[in-house]
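Dear colleague,

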Amino acid sequence: MSMTADGKIATANRRVSSFGSERDQVHLMELRTMADAVMAGARTVDLNPVNLGPGSAKYRALRVKRGLTEYNLRIIVSRRGTIDPNAEIFKKKFSPIIILTTDLITPLRLRRLQAVADEVKSFGNQELDFSAAFKWLTTKWKVKRLLCEGGGEVNDALFSAGLVDELHLTICPKIFGGKTAPTIADGAGAVKLKDASLLKLKSFKKQGSELFLVYQVLKKRRTSKL
Ligand SMILES: NC(=O)c1ccc[n+]([C@@H]2O[C@H](COP(=O)([O-])OP(=O)(O)OC[C@H]3O[C@@H](n4cnc5c(N)ncnc54)[C@H](OP(=O)(O)O)[C@@H]3O)[C@@H](O)[C@H]2O)c1
């Protein structure tokens, strides 16, 4: 995730979310070369021209050298299936697209998304059971390492479920402000201090005015309810 110095991942109107340097973009592509699957939330996918793919031949060759498939699997998370079927991600067919959803998806949205994705699979009545979904991704699609690229709502669900091992964070020298601007973990959030995810700083690097941080996540599942 790229974050401004005031902790935002996009402007409040969500129109600007790409604000890191070229080095930050390269870092993102390098992370994709290590993942079997790249995942993002419905809003990240339909508000941005992203395809979640591995990028140029140079990055694809790196994946193959690491023993991964040339093209990573692409995963979209959506409780209600509100993703726009005309979003950029559906325009190029280079690797399977899987949509993880819940039974809240309407039959019409399900049909529309089935027409553009390779699989649309429900894991829960109202809330997406990410643990069950990830077990299924491991068994059926051989996913061992998954890179989640946001947004804030999906990240928070993963932290809450205790499913994050590592956080790569780039702090960019900008201030967006805006109290409704998204942050790296929004969603319901923790209600007690004991439910905070605890991190250990593994490494940091300064390049220009940007800081590249890697955290290991020490503490897992959130237990208190709202
Ligand atoms: N700076 C960065 O590094 C960075 C990275 C990624 C994104 N962004 C920006 O962040 C903003 C998007 O973040 P966001 O938090 O608004 O949206 P998001 O997390 O990308 O997507 C939210 C949607 O994902 C689904 N979702 C969220 N939590 C879920 C859960 N627990 N179970 C099932 N589905 C769930 C819901 O879809 P349904 O409504 O269909 O149910 C929800 O509306 C955009 O502006 C994007 O460009 C910035």
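In H6, the buried residues (under 20% relative accessible area, with a 1.4 Å probe and protein chains only) are Gly152, Val154, Asn155, Asp156, Leu158 and Phe159. This is a predicted model, in which local features need pLDDT of at least 70 and side-chain atom pairs count only at pLDDT 80 or more, while totals for chains, interfaces and linings use all residues. Residues are numbered from 1 along each chain as its sequence is written, and side-chain values use heavy atoms, with hydrogens and water left out. Helices (H or I, at least four residues) and strands (E, at least two) are DSSP runs, numbered from the N terminus.

The cover over the buried residues of H6 includes S2, S3, H5, strand S6 (146-148) and strand S9 (210-217). In the loop between S6 and H6 lies Gly151, which is joined to Gly150 by a cis peptide bond with omega of about -5°. Just after H6, Gly162 has a positive phi of about 70°.

**Nonpolar cores**

A nonpolar core is a set of buried Ala, Val, Leu, Ile, Met, Phe, Trp, Tyr and Cys residues joined through side-chain atoms within 4.5 Å. The largest one has 21 residues, and Met39, Ile75, Leu100 and Leu137 have the most contacts inside it. Two or more residues of this core come from each of strand S2 (37-41), strand S3 (73-77), strand S4 (97-101), helix H5 (130-141) and helix H6 (152-160). H5 gives the largest share, five residues. Another core, of 20 residues, lies apart from it and includes Leu52, Ile89, Phe90 and Leu113.

**Backbone exceptions**

Most residues other than glycine have a negative phi, and most peptide bonds are trans. Arg14, in the loop between strand S1 (2-4) and helix H1 (22-32), has a positive phi near 65°. Its relative accessibility is 35%, so Arg14 counts as partly exposed (the class between buried and exposed, the latter being over 50%). Lys142, in the loop between H5 and S6, has a positive phi near 55°. Lys142 counts as exposed because its relative accessibility is 60%.

**The chain as a whole**

The chain has six helices and nine strands. Its radius of gyration, taken over C-alpha atoms, is 17 Å, close to the 17 Å that the globule rule (2.2 Å times the number of residues to the power 0.38) gives for 226 residues, so the chain is as compact as a globular protein of that length. Buried residues make up 42% of the 226 residues.

With kind regards

Key: Contact means heavy atoms within 4.5 Å.
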